[in-house]
Amino acid sequence: MKIALITVNYNNSAATGRLIKSLEAQSDRDFELMVVDNARASQDRTSLKEIMASTDLTTRIHWSDVNGGFAAGSNIGMRFAFQQDVAWVALVNNDAVAGQEVIISLKQALARMPSAVVALPLLEHGRTVRAGLVRWLSATLPHAFDIPHS
């Protein structure tokens, strides 16, 4: 079950670099990181190229000439990802730091609920939700599993 992680960078290669470093610690490497760069400054572009070249992760980058914001960048990334051989796409903020074994946890949640269309860590009513089905106009999501917060 290959997953494409998509992140959008806009003049913040340092944050994207921290995300990449946190993903390098994953024991399950069956994922691909796709970075969409939204109309970057030339110095940030140079820095991002160096960061991407220095990682041993499977990565791809799309250089956008237009900054359409996070939503447009994510859409570009998803179109790009679905042209590859991936089963799932996960959107990740570039300033996020991946927790230990997040890829394994995500795959386990998706395996428990194969019809899931949403997979995300979401804090809801004191629980961390990992995957679920979207039911628009519903007060809550049916969950694959959750972890109570203490």
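Contact here means heavy atoms within 4.5 Å. The structure described is a predicted model, and the protein chain averages a pLDDT of 80. A score of at least 70 is reached by 75% of the residues. Confidence in the protein chain is highest in helix α1, at 95, and lowest in strand β7 (residues 146–148), where the mean is 46. Over residues 143–150 the pLDDT is below 50.

An open sheet is formed by 4 strands, which follow the order β3-β2-β1-β4 with parallel pairing. Strands β3 and β4 (88–91) lie at the edges, each pairing on one side only. From one strand to the next, the twist averages 20°.

Two of the pairings can be described in detail. Strand β2 (residues 31–38) and strand β3 (residues 59–64) run parallel and are joined by 6 bridges. Within this pairing, V35 has I61 of β3 as its bridge partner. Strand β1 (residues 3–9) pairs with β4, also in the parallel sense, over 4 bridges. Here L5 stands opposite A90 of β4.

Helices accompany the sheet. Helix α2 packs on the sheet and touches β1, β2 and β3. The direction of α2 makes about 165° with that of β3. Together, β2, α2 and β3 make a β-α-β unit, which is right-handed. Helix α3 (residues 69–82) lies across β1, β2, β3 and β4, and runs at about 140° to β2.

The packing of α1 on α2 was examined separately. Two packed helices are described by the angle between their axes and the distance between the axes. For helix α1 (residues 13–24) and helix α2 (residues 42–54), the angle is about 10° and the axes are 9 Å apart. Because angles under 35 degrees count as roughly parallel, α1 is roughly parallel to α2. On the α1 side the contact is made by S13, T16, G17 and I20; on the α2 side D44, S47, L48, I51 and M52 take part. The residues of this contact divide into 4 nonpolar, 4 polar and 1 charged.

S27 is placed in the loop between α1 and β2. The C-alpha atom of S27 is separated by 9.3 Å from that of V102, although the two residues are 75 residues apart along the chain. When residues up to four places away in sequence are not counted, S27 touches E101 and I104.

Q84 is placed in the loop between α3 and β4. Along the chain, Q84 and A4 are 80 residues apart, while their C-alpha atoms are separated by 8.8 Å. Not counting residues up to four places away in sequence, Q84 touches M34 and R60.

Conventions. Residues are numbered from 1 along each chain as its sequence is written. This is a predicted model: local features need pLDDT of at least 70, side-chain atom pairs count only at pLDDT 80 or more; totals for chains, interfaces and linings use all residues. Side-chain values use heavy atoms; hydrogens and water are left out. Axes are lines fitted to C-alpha atoms, for helices over the stretch in contact, and angles run from 0 to 180 degrees between N-to-C directions. Helices (H or I, at least four residues) and strands (E, at least two) are DSSP runs, numbered from the N terminus. Angles under 35 degrees count as roughly parallel, over 145 as roughly antiparallel, 65 to 115 as roughly perpendicular and the rest as oblique. Ala, Val, Leu, Ile, Met, Phe, Trp, Tyr, Cys and Pro count as nonpolar, Asp, Glu, Lys and Arg as charged, and the others, Gly among them, as polar. pLDDT is the predictor's confidence in each residue, from 0 to 100. Two strands pair if DSSP finds at least two bridges between them. A crossover is right-handed if, with the strands pointing away from the viewer, the path from the first strand over the helix to the second runs clockwise.
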